[in-house]
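Hi,

Here is the structure I said I'd pass on.

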Amino acid sequence: MKPPPLDILSPSSLIEALALLSEHGDAARPLAGGQSLVPLLNFRLSRPEILIDLNRISDLAFIKDGGDHIAIGAMTRERTIEENELVRDQAPLLQEATTQIAHLPIRSRGTIGGSLANADPAAEYPAVALALEIELVTQSVRGERRIKAAAFFEDVLTTALEPDELLTEIIVPKAPPGSSSAFVEIARRHGDFALAGVAAQITFANNAPADVCLAVCGAGSTASRLTTAEEIILQDGVGVEAVKAASAAAAASVDPMSDLHASADYRRRLVGVMTTRALEKVVQRAAVTS
Amino acid sequence: MTASRTISVSINGEVLTGDAAPRMLLADFLRDVLGKTGTHVGCEHGVCGACTIIVDGVAARSCLMFAVQAEGADIKTVEGLADGDDLHPLQKLFSEHRALQCGYCTPGMLMTAIDLVESNSSLTTEDIKVGMSAALCRCTGYEGIIKAVTAYAEQVHGKPVRQESDNG
């Protein structure tokens, strides 16, 4: 239960970090908050020769108002995001999801960039990224790329990031006027990875859904959009029957895995239940705020 | 390349120095190099919370940080709570409410609770239950722990802890 022998390099600038990553290639792994990577090292499930510690790069930790979006540095701590007023006001789905990540002492260290780049299928942030159509900015010595969330998550713990690339910035579109959101998840104990979770944001115009974004985590090899359920809500509204139909469609659309925490069938059922709860919460909040 | 480095950290206000190989976890550095054995090591993968300490003002798992990452950090551990024989208010409340039995989880419980209470002036009973679920106790049950932390929150913020949750 101790990490394998390794070296830790601690660059103080992004340029330095990118050069190190380019130089060491596959032998190196970037170390963000370490709340997923260090357990993997302690279990010897990951054996990099070199860790490039990003924690001393202060330029990667920020939350900026970008007009129609919020720009968040990849090394921004989850705890900082959870407590940030701009995020609370303009990206409430991101804020609510953050409060459900693990426990407070984990969120003290865990970062948004680390969680997204780790791409755990049960993690909250990938589902939020898909629902909000977040853009991910990456950098390498070869230059900058902007990747849409829909093209970022490829498989279990696998993203579109190249070995020499770092995720540096997360572009979060602000919630549109008239929108309402909810993030719900279910876990066996508070703080455990979710067995299933749903991120929902609906924009209402004239009391009817004009834009519907639903994404699920914990129910497949990556988080995914619940497109069939979205279409049902968009066409039929948010009445009891439509919510029921959308939840059934959500459950039918996922392909979850069985593991020792839950069978695939049980997870599929939970996706339906979480979809219902998320939609009910969105509707409730829309009524309160409109 | 993986040779030991000399690391200086402030522990409970005192700057201490020791050597650590890059792979050494902060929890092991505190215990085995600096002799601060008050911080306990449980699961070593961030789940149990026994090794929770305060790093630069926030609670963190010392089994999920490397010692080299703590260079220059301001760390508070359970050893810094009591003033000689005079227990910290939260330690007194743990004793009064019988919030410990074997005591193995207690250092992590105390550091978790201090951060939870001192960083939030409007905690509810539900917040305290959720917050303290960050640390595992496998012998007393949580009743006494929740009572002690609730009493501490009331003491620190000078007002009763509300029953209802405000994050519905």
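Predicted model: local features only at pLDDT ≥ 70, side-chain atom pairs only at ≥ 80, totals over all residues.

At the strand 4 end, three bridges tie strand 4 of chain A to strand 5 (residues 69-73) of chain A, and the two run antiparallel. If you want a residue pair to look at there, A:Asp65 has A:Ile70 in strand 5 as its bridge partner.

Next, the core. The largest nonpolar core has 142 residues, and the ones with the most contacts inside it are A:Val128, A:Ala131, A:Ala200 and A:Val216. I followed up on A:Ala200: leaving aside neighbours within four places in sequence, A:Ala200 is in contact with A:Ala131, A:Ser181, A:Ala182, A:Cys213, A:Leu214, A:Ala278, A:Leu279 and A:Val282.

Then there's the interface between the chains, where 26 residues of chain B are in contact with 26 residues of chain A. On the chain B side, strand 4 (58-61), helix 3 (106-118) and helix 4 (125-132) each supply at least two of the residues that touch chain A. Strand 4 of chain B gives the most, with four residues. By class, that side of chain B has 13 nonpolar, nine polar and four charged residues.

Cheers

Conventions
Residues numbered from 1 in each chain as written. Chains lettered and ligands numbered in written order. Core = buried A, V, L, I, M, F, W, Y, C linked by C-beta atoms within 7 Å. Buried ≥ 20, exposed ≤ 12 C-beta atoms within 10 Å, placed from the backbone. Contact = placed C-beta atoms within 7 Å. Pairing = 2+ DSSP bridges. Nonpolar A, V, L, I, M, F, W, Y, C, P; charged D, E, K, R; others polar.
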